[in-house]
Amino acid sequence: MSQSVCILGVTGSIGRSTLKILQQHSDQYSVFAVTGFSRIKELSEICKQYRPKCVVVPSDKVDELQQLLAIHHIFDIEILTDEAGLITVSEHPDVDVVMAAIVGAAGLLPTLAAVKAGKRVLLANKEALVMSGDIMLQAAKDHHALLLPVDSEHNAIFQCLPQNYLQIQPNGEPQLGVKQVLLTASGGPFLNFSLEQLKTVTPAQACKHPNWSMGQKISVDSATLMNKGLELIEACHLFSIKEQFVTVVVHPQSIIHSMVQYVDGSTLAQMGNPDMCTPIAHALAWPERIQTHVPPLDLFVHSQLDFQAPDITRFPSLKLARHAMQAGGLAPSILNAANEIAVSAFLQQKIAFLEISQVVEHTLNHVQNGLADSIDTILQTDQLARQVASQRITQLGS
């Protein structure tokens with residue numbers, strides 16, 4: 001029986017990779033709904049090819065999309081708008097699987113809606129768990145949703161953990177013989193840059209990742225290692241494990257996607273070519289496996305694998321993220337909001353690369369932490385953190 005899929009953020013790299021898998025297995029999956037934000041022409045082409053029942057865009061993009069669809073003589077796709085539209089398609093009764101691939105805090109409410117509707121949620125939006133991990137996981141439990149990680153690192157950890165590990169609710173301490181999680185990081189494009197060199201790097205340099213094809217925001221996060229910091233927080237929530245049991249390992253080749261160490265001395269690693277189609281296919285079909293176009297790993301080509309500890313002097317964002325997770329409560333939301341504002345300012349060349357982490361640290365120090373006990377509180381704190389970060393950016397530029 002074919003499963004109906006909703007793709008939140010279809011024009012991004014995760015969304016496009018998801019379409020590849022769905023196309024390859026069109027007998028098993030169909031596209032029910034897609035959403036896009038700014039690439040409306042690309043979105044119209046996707047609608048032409050996959051003919052979803054619904055599409056969601058910002059309200060100011062409706063006319064543009066309608067005109068493009070009319071060129072293709074497409075008049076039968078329902079167009080929904082804004083956050084309300086995202087939530088509607090996420091919880092739609094005809095949807096079986098939701099790919100949550102909207103970047104940033106904008107993905108929080110639609111992802112939560114999908115979880116509360118009891119869907120199989122493929123989680124590519126790490127910010128949803130960073131901001132509201134406890135609420136999201138409790139909702140998944142209450143509504144019998146299946147929350148499966150798509151980030152290559154978390155998917156790798158999931159594959160290396162004992163079967164049914166997530167069902168035992170470890171409560172922070174590793175269980176079933178697990179000793180620690182090793183979260184791998186490529187190190188980004190500036191791995192070997194000195195602090196002096198980092199002072200003058202450009203957005204174009206930061207967006208040129210050595211191994212992965214990603215959007216601008218996540219590419220900059222990878223360059224600062226904030227991406228790994230957010231992933232550390234996500235891993236703690238997903239696998240109910242305290243941050244001291246998660247060790248970040250810089251592995252420039254991105255062949256080992258992450259590892260799990262056990263008390264008997266074993267270390268299990270999930271390896272593969274750096275292609276997001278692999279974790280997407282795994283989460284889509286789990287507990288089965290389906291074929292992808294990704295070639296198997298050639299160990300004779302990738303004969304050397306390197307590992308090193310991260311340098312938190314040159315890349316302090318990782319330290320800030322770990323401290324935010326230790327502080328708990330609203331601190332991860334404050335961290336995430338400040339980082340989104342700072343990265344945007346860097347991409348607009350309003351601040352320097354090294355000032356990204358300075359803005360985040362300033363915001364963490366100037367927005368009061370508290371309990372992340374409701375979505376309203378989390379979203380209010382998110383807005384306050386954005387204001388404080390924006391004010392700091394203005395000060396740095398004056």
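**View 1. Val5 meets its bridge partner in β5, which is Val97.** This is a predicted model, so keep that in mind for every view here. If pairing is new to you, strands of a sheet are held side by side through backbone hydrogen bonds, either parallel or antiparallel.

**View 2. Strand β5 also pairs with strand β6 (residues 120-123).** These two strands go together in the parallel sense, again with 4 bridges. Pick out Met99 and look across to β6, where its bridge partner is Leu122. How does the chain get from β5 to β6? It passes through helix α5 (residues 108-116), and this β-α-β crossover is right-handed.

**View 3. Here are the side chains of strand β5, residues 97-100.** Which residues of β5 point the same way as each other? Val97 and Met99 share one direction, while Val98 and Ala100 take the other. Buried or exposed? All four residues, whichever way they point, are buried.

**View 4. Now we move to an open sheet of 4 strands, in the order β9-β8-β10-β11.** Its pairing is mixed. At the edges sit β9 (246-250) and β11 (267-271), each of which pairs on one side only. On average, neighbouring strands of this sheet are turned by 20° against each other, ignoring direction.

**View 5. Zoom in on strand β10 (residues 256-262) beside β11.** This pair is antiparallel, with 5 bridges between the strands. For one example, find Met259: its bridge partner in β11 is Ala269. There's a helix to spot here too, as α7 (residues 152-160) lies across β8 (178-185), β10 and β11. Compared with β10, helix α7 runs at about 35°.

**View 6. Two helices cross: α11 (residues 226-238) and α14 (residues 331-347).** Packed helices are described by the angle between their axes and the distance between the axes. For α11 and α14, the axes come within 12 Å and cross at roughly 155°. Angles over 145 degrees count as roughly antiparallel, which is why α11 is called roughly antiparallel to α14. The crossing of α11 and α14 is left-handed. Which residues make the contact? Helix α11 brings Met226, Leu230 and Ile233, and helix α14 brings Pro332, Leu335, Asn336 and Asn339.

Notes: Residues are numbered from 1 along each chain as its sequence is written. This is a predicted model: local features need pLDDT of at least 70, side-chain atom pairs count only at pLDDT 80 or more; totals for chains, interfaces and linings use all residues. Side-chain values use heavy atoms; hydrogens and water are left out. Buried means under 20% relative accessible area, exposed over 50%, partly exposed in between (1.4 Å probe, protein chains only). Two strands pair if DSSP finds at least two bridges between them. A crossover is right-handed if, with the strands pointing away from the viewer, the path from the first strand over the helix to the second runs clockwise. Axes are lines fitted to C-alpha atoms, for helices over the stretch in contact, and angles run from 0 to 180 degrees between N-to-C directions. Contact means heavy atoms within 4.5 Å. Angles under 35 degrees count as roughly parallel, over 145 as roughly antiparallel, 65 to 115 as roughly perpendicular and the rest as oblique. A crossing is left-handed if the near helix is turned anticlockwise from the far one by less than a right angle, and right-handed if clockwise.
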